[in-house]
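Please open the model in your viewer and keep the sequence panel beside it. This tour goes from one selection to the next and says what is found at each stop.

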Amino acid sequence: MLEEVLLAGFGGQGILSAGMLLAQAGMAHGLHVAWIPSYGPEMRGGTANCGVTLSDRPISCPLVTEPTTLLAMNQPSLDKFAPKVKPGGLIIYNSSLARWDGELGLGRRLLGLDATAQAEAIGNVRVAVNVLVGAFIALTQIIPLERVKEALRVVLPPHRHHLIAANEKALEVGASLALAKVGEGIALR
Amino acid sequence: MLEEVLLAGFGGQGILSAGMLLAQAGMAHGLHVAWIPSYGPEMRGGTANCGVTLSDRPISCPLVTEPTTLLAMNQPSLDKFAPKVKPGGLIIYNSSLARWDGELGLGRRLLGLDATAQAEAIGNVRVAVNVLVGAFIALTQIIPLERVKEALRVVLPPHRHHLIAANEKALEVGASLALAKVGEGIALR
Amino acid sequence: MPRVLMKGNEAFGEGAIRAGCRYFFGYPITPQSELPHYLARRLPEVGGVYLQAESEVAAINMVYGAAAAGARVMTSSSSPGISLMQEGISYLAGAELPCVIVNVMRGGPGLGNIAPAQSDYFQAVKGGGHGDYRLLCLAPSSVQEILDLMGLAFDLADKYRNPVMVLGDGILGQMMEPVELPPYSGELELPPKPWATTGTAGRGTRNIINSLYIEPEELEAVNLRLRAKYQRMEEEEKRWETYLLEEAELVLVAFGTMARVARAAVERLREEGIAAGLIRPITLYPFPDAPFHAAFSRARAFLVVEMNLGQMVEDVRLTVEGRCPVHFYGRTGGVVPTVAEVVNFAKEVWQKL
Amino acid sequence: MPRVLMKGNEAFGEGAIRAGCRYFFGYPITPQSELPHYLARRLPEVGGVYLQAESEVAAINMVYGAAAAGARVMTSSSSPGISLMQEGISYLAGAELPCVIVNVMRGGPGLGNIAPAQSDYFQAVKGGGHGDYRLLCLAPSSVQEILDLMGLAFDLADKYRNPVMVLGDGILGQMMEPVELPPYSGELELPPKPWATTGTAGRGTRNIINSLYIEPEELEAVNLRLRAKYQRMEEEEKRWETYLLEEAELVLVAFGTMARVARAAVERLREEGIAAGLIRPITLYPFPDAPFHAAFSRARAFLVVEMNLGQMVEDVRLTVEGRCPVHFYGRTGGVVPTVAEVVNFAKEVWQKL
Amino acid sequence: MRVLFERTRGLTSKPFHYCPGCTHGIIHRLVAEVLVELDVLEKTVGVCPVGCAVFAYEYFNCDMIEAAHGRAPAVATGVKRVLPDRVVFTYQGDGDLAAIGTAEIVHAAARGEKITTIFVNNAVYGMTGGQMAPTTLLGQKTTTTPFGRRAEEAGYPLRVAEMLATIEGAAYVARVAVNSPKNVIQAKRVIRRAFEVQLANLGFSLVEVLSTCPTNWGMNPPEALRWLEEKMIPVYPLGEFKVPREEREHA
Amino acid sequence: MRVLFERTRGLTSKPFHYCPGCTHGIIHRLVAEVLVELDVLEKTVGVCPVGCAVFAYEYFNCDMIEAAHGRAPAVATGVKRVLPDRVVFTYQGDGDLAAIGTAEIVHAAARGEKITTIFVNNAVYGMTGGQMAPTTLLGQKTTTTPFGRRAEEAGYPLRVAEMLATIEGAAYVARVAVNSPKNVIQAKRVIRRAFEVQLANLGFSLVEVLSTCPTNWGMNPPEALRWLEEKMIPVYPLGEFKVPREEREHA
Amino acid sequence: MVFDRERCKGCELCVTVCPRKILTLSPDLNSLGFHPAMITDASRCTGCCFCALMCPDVVITVLREEGEDAARADEG
Amino acid sequence: MVFDRERCKGCELCVTVCPRKILTLSPDLNSLGFHPAMITDASRCTGCCFCALMCPDVVITVLREEGEDAARADEG
Ligand SMILES: Cc1ncc(C[n+]2csc(CCOP(=O)(O)OP(=O)(O)O)c2C)c(N)n1
Ligand SMILES: Cc1ncc(C[n+]2csc(CCOP(=O)(O)OP(=O)(O)O)c2C)c(N)n1
Ligand code: SF4
Ligand code: SF4
Ligand code: SF4
Ligand code: SF4
Ligand code: SF4
Ligand code: SF4
Ligand SMILES: [Mg+2]
Ligand SMILES: [Mg+2]
């Protein structure tokens, strides 16, 4: 079992923390994990991304060059990374800020969730990325959602702990939206 | 034929130029030559020395570690380098500033000339070293004395050419003193 | 043992603190900046000093001063900054001062880029500075090993009174992995350094830290004493890890990040029925020759894989000495060879055997 | 041809002037200071610029600027100063700027001393700086050859758009020997450098001098282009001299000053009936392998002699690849092996064969 | 239609990679406009730093050289000595110029090197993630002064313009800021003078420009302008610290 | 018998290697006497330069460190941060401090590093054979300015004390000379103050000492004293350029 | 006024310095993901160019109809 | 006055600064090859120590008989 997740979006969207959340939860769940950010001048461009590897075996290379899953929080990220997703891989994107009209091919599956809108509804636009994380957890079942919620306590610094509830909510919303879409029989394109 | 000459003395005694004079004359005479100075912080100590190699074959190592001839212009140089002279080698020293009382051994030959006094008599104390050079030339016959005199024109910078006569005189005095001493049958100790 | 998720760059720092290092002098550079960021917070907590130097040249000379004063001290940088430290490193080796230097390598030459690379191997193991000195050089390949090897690095530095270089790369520095972190136990008892320049009070004699020996014979004697140290390192400090080497006919050789890719490649090759194995040097200097000697009986070829255009491969060739073909596969400029690439290249080598 | 007595350090300078070099940036250091002294007088005479930089770091970066502006330019220093230039040298190689760097080596490590040494061989040929670059490296062994190789150095630098290192040592720099000096003929016609940053006027397009390639694939492409250059150097530029190699059973290998001692040793060994010969590499990178291949048929052993504790010997071992024993004799710290020492060691090797 | 303001041809069309609201962009524009207005763009060679302005060679529409971190003045010296009739400038940040490049800038000034330096002081290392710079203010939090810069450990802010003004070869040294339209207009005037000093062969000229780094200051761009005004200018007063001798005599 | 003057125990018995009449020796003695008089010799760590004073570790009767050329302030910083209660000083020439070591001295001052620097300005590189130093006077002939230093190519003499006095962390900066008994007495007083500033933890202190180099100036020692007086002091005026803040307020 | 929308990074410096307060960020995003600046009431623009002087990304071109300046001056 | 002859380098700084002009170089050489400084008329020495202050090689020790200073002062 090997999941190589690429999370990507704008600088302020909490991409790196969301990746750490996944890694922390994976570790707590007994998986081998690795997290690696994009770093350096790319940040000037206002984009951020990170790769998270979750595996039941020791991880050789932590670089995520061909993700099995892409969580894309904005249009540039979706455009740039969707073509790099492995055949049969999963793409979950923030349909509040991005659209995908073209074909994907190679059996890749695509799911759009209005993460930003959902986060605004929850009351904190910064938790939007966890809507996608929740969806990823629900669709892959790689880690119990509870583990991910517990990991919030470790990953968020103490002065951010008042945001735990909003983040948990985002995870739940993402999970249920994803399951609903799949349950509704909406084929993941 | 290989002469490895070490010239040594105080900083102001023209040691390096005298070595160049020998090298220049040797070159003009068709010999292979090399000249190498002591360099660096040693100069702070107020001493200077240089090695001149004169050979009828290409010169391998220009460093003079075991001189065949030592021209010593002062006591510290005589004390320091006399023991390093090759067996059977020649030592000519400035008896105006240095004495040698001990034994030398190993068949080394020793000649003291009052070079500083002779130079004062010539009227320029700075030509003293060439008294020893003249003696060396006379005793070894390795280069004609004329060649050495001609080399003065090349080695002395133009603004020093008025000193050529004094230098020639020093060479001659050294040569004749040395030949006289040998002629007098004074064994070179 | 509690496991925590830790960034490689932070593990360099925490490993140093746990090794009793209380002084850091450095100058920021990507991809190692989280290391100074971490220590800028952490060192004051343990009564240490974080000082941002005006340059890498100043940093390495501050390290020289702190080491002379008897402290456990480190600096860290990335490729261009390490190049600037070469004179200082040669001085540290010449004056026999212990310290730890971390190089989180990036793409070169010149400004290059900030992506991971291994193209400073020569500089680290052959002496990038002037003179006949050597650095003891360690190459971790996971965040856990970074933490562990930092302790070893400081111990070896003190044991040999020699600078120790720890080579990482952008991936090792930037990635987070779980590490086992025993509770922090505070100050260590470190062996005394009677040679340190701490003032003559209570000692009577003067201590001098120096690398100037104007007489060639004296300087040669110092160099021979250094060489005796290096020979002792060669006898006592070689470290390596092997994987499936016993039966290996195709032996991959890789260090650091590359060794992880190579290990995965070995697994994949085994799955495909090719008797592959791996030698992972942990000390790059002294270079571990024992596993090669162990491999000769069965090995039909060596394949060295590096994130450069061929550097460690020379040490492998010097070890193998023509007994067996040595192949090389490398990517450079910050490109990391994938497992698939290594497997494909290995198969080509295998087919031609 | 008129013969004049010239100091090695001055020959570096005069050779540069005759190669059309008009710009010198450097920082004083023994044992090469007569080179800047000479050029401080001589360059203004030919309309050139002598500039004493505030440091070796500044000097190498001034060289970078002058080379970018299209000039033939050089710097010179001695071991510690060359260590300080390593970042700059890596930048020059990365930005593909031609220049000549003279290292008149002295004893190391650290401050060491000012006596002659050859202990910066690794630094010169393996890349003392970061990244996968190479310097073309020339090693003269007489004052005449200094004069000649400086011309070659500038030509090769321009041919390959790569820095060229000329390695001397304290003896070569300080000694005087006769040289043949044709009358100075003034300006050379040098090939144009359309890539130089001289202002866009009359060109229209912008020229950029740079070594930053943020995308790993781009930086790798640059590195592969550099490697192609190095491979061309390996094909076209290897230079060496042999002495009595044809029948040699004991082959001495030495460069620079040491090669002269070794040559005398070979003569002495021949006198004693030992079939000795000499390989003198003139290019240290690319390392000349052809004479070794020519020697294998008869050679029973190689003996590498260096003024260090064993550096070029690694390149010899890499070339010989175990076909034949490779022995080493070296002195370091500024000690120069005498002919007698080399002969004695060679005889020991011979007796054990 | 009359054009009151348009993009200068001194800049290429390449969009800047700087963070939103980063005033590096304003300074680029001012330098480019001055080069065009003095009609020297075609004979100019610029030298980029290592820092956020590392890609300046993509923006200035003239020949450009990327220098090693801190060494731009040495590189510019090499260029100017080979091409004395060209206009040569360096564009450097405060890490580049005032930390690692201290010796190079001091000695370019001491030599009276006929180059112009645009020195962008944003009180922080922008590119590498917001570490302390020599110019970081006391109390300012950065990634390497997490508790605020304390003089006791980390020393005092370095006043580069004042320091270089003591050097004889420095013909023109001034400090400006780009935090308001008024200051931007003044900044351009000063940058122009600096290049004029070079064109008149009067010696070394340097303009220190106070600039923002919203990203690493942890502010939005308008707040950053205000922080510059309220916090930086009191420590780094604006003005001309050295003018060419002739002018001093007429003063 | 009363002893009016005797060799200080702050010096070892090793004879200096300096050229006859070189005033490095006087400066060594003054520093050694001050260390003894302040009773800190046993807790002092000195840092030598590369330059003629490279062997200073053989002369000062305390723990000594030989630093790389120009880096003594960085080395001293390393020592002082580890041993804040020790007295740490650097002894540096003008090539060492004002050329290759410019960044290190500026930033030791900027950090207010609690070390004392004795800066020996002899207008030349002594050890390496009399090349131009940043402090070489205009018109002065050296081995690398064979026609005399010309500002046009080689720039202007660097006034280190004046430059460093602009730096906040520099608590005490003064210039003295050792060309006459009166100036020697004054020099000692100033060197003592510099160490007192360190002992009082007030910040960085530096004493620039004008010194002779008869060998490379091509003069005999008495002539060299006169040359210092007539040629150097007009360019490098003696005095205190910066005193600790408290004292300034009382002034 | 012409805004080169695709270059705009929505930094609001122009918005902040416009003396007429007639600039604002557009609600939609450009392809860089920023809300580009726009002018709300071009008729009130004095042509003072403060916005253009402060724009770090050289997004703004300021144009005037001939003779417009005088017409606006009385608003000042 | 005591001169540590073997340390003296004959630089004449002491000779130059002695207000009484009672110092000179000895005609013979020490083992370093220098003419060491010597005092010609110790009775005229004021004990001002100028010589010792200026001696770069710390060659000179200045001693006084008790009560000697006063006796000399009138010479001044
Ligand atoms: C030798 C070397 N050391 C360090 C670095 C890393 N580095 C790149 S930019 C920079 C500092 C940038 O700060 P500044 O000069 O203030 O420019 P800004 O980004 O703030 O505009 C540093 C330390 C490097 N590239 N090379
Ligand atoms: C890195 C390096 N560059 C150059 C040198 C050579 N060097 C030794 S001392 C010196 C200058 C000495 O001048 P200064 O500092 O003025 O001291 P002085 O001898 O005049 O007392 C130089 C350039 C060196 N040892 N190391
Ligand atoms: S990090 Fe700061 S200086 Fe760099 S581009 Fe962003 S705002 Fe500008
Ligand atoms: S060279 Fe000059 S500074 Fe050095 S010891 Fe001699 S006189 Fe003194
Ligand atoms: S030109 Fe002046 S008034 Fe018009 S939009 Fe710009 S800032 Fe506002
Ligand atoms: S100042 Fe420029 S980049 Fe910023 S919002 Fe206005 S137009 Fe856009
Ligand atoms: S103490 Fe004064 S008077 Fe006596 S010898 Fe010395 S300088 Fe002359
Ligand atoms: S000053 Fe000192 S060294 Fe010089 S002559 Fe007098 S006693 Fe001798
Ligand atoms: Mg900055
Ligand atoms: Mg000096």
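Begin by selecting chain C and colouring its two domains separately: the centres of domain 1 of chain C and domain 2 of chain C, taken over C-alpha atoms, are separated by 28 Å. The assignment places domain 1 at residues 3-236 and domain 2 at residues 240-352 of chain C, and such bounds come from an automatic or database domain assignment. Between the two, 33 residues from domain 1 of chain C and 26 residues from domain 2 of chain C take part in the contact, where contact means heavy atoms within 4.5 Å.

Before going further, please note that this is a predicted model, in which local features need pLDDT of at least 70 and side-chain atom pairs count only at pLDDT 80 or more, while totals for chains, interfaces and linings use all residues. Residues are numbered from 1 along each chain as its sequence is written, chains are lettered from A and ligands numbered from 1 in the order in which they are written, and side-chain values use heavy atoms, with hydrogens and water left out.

**Between the domains of chain C**

Now show side chains. There are 3 salt bridges between domain 1 of chain C and domain 2 of chain C, a salt bridge being a side-chain nitrogen of Lys or Arg within 4 Å of a carboxyl oxygen of Asp or Glu. If you select Glu145(C) and Arg280(C), you will find a salt bridge whose closest N and O atoms are 2.9 Å apart. Between domain 1 of chain C and domain 2 of chain C there are also 18 residue pairs in polar contact (both at pLDDT 80 or more). A polar contact is a pair of N or O atoms within 3.5 Å; within protein, one must be able to donate a hydrogen and the other to accept it, and residues adjacent in sequence count only if both atoms are side-chain atoms.

**From chain D to chain E**

Next, show chains D and E together. The contact takes 33 residues from chain D and 36 residues from chain E, and the area buried between these chains is about 2500 Å², of which 61% comes from carbon and sulfur atoms. Across this interface of chain D and chain E the rule finds 2 salt bridges; select Arg203(D) and Asp63(E) to see a salt bridge in which the closest N and O atoms lie 2.7 Å apart. The polar contacts between chain D and chain E come to 16 residue pairs (both at pLDDT 80 or more).

Which elements give two or more residues to the side of chain D that touches chain E? They are strand 2 (23-26), strand 3 (49-52), helix 3 (56-68), helix 5 (86-94) and strand 9 (208-209) of chain D, and helix 3 of chain D provides the largest share, 8 residues. Helices (H or I, at least four residues) and strands (E, at least two) are DSSP runs, numbered from the N terminus.

Asn122(E) is buried, with a relative accessible area of 5%, and Val124(E) is buried at 1%; buried means under 20% relative accessible area, exposed over 50%, and partly exposed in between (1.4 Å probe, protein chains only).

**A residue in chain B**

Finally, select Glu4(B), which is found in strand 1 (residues 2-10) of chain B and is buried at 11% relative accessibility. A polar contact of 3.3 Å joins its side chain to that of Lys86(B).

Methods. Buried area = accessible area lost by both parts, 1.4 Å probe.
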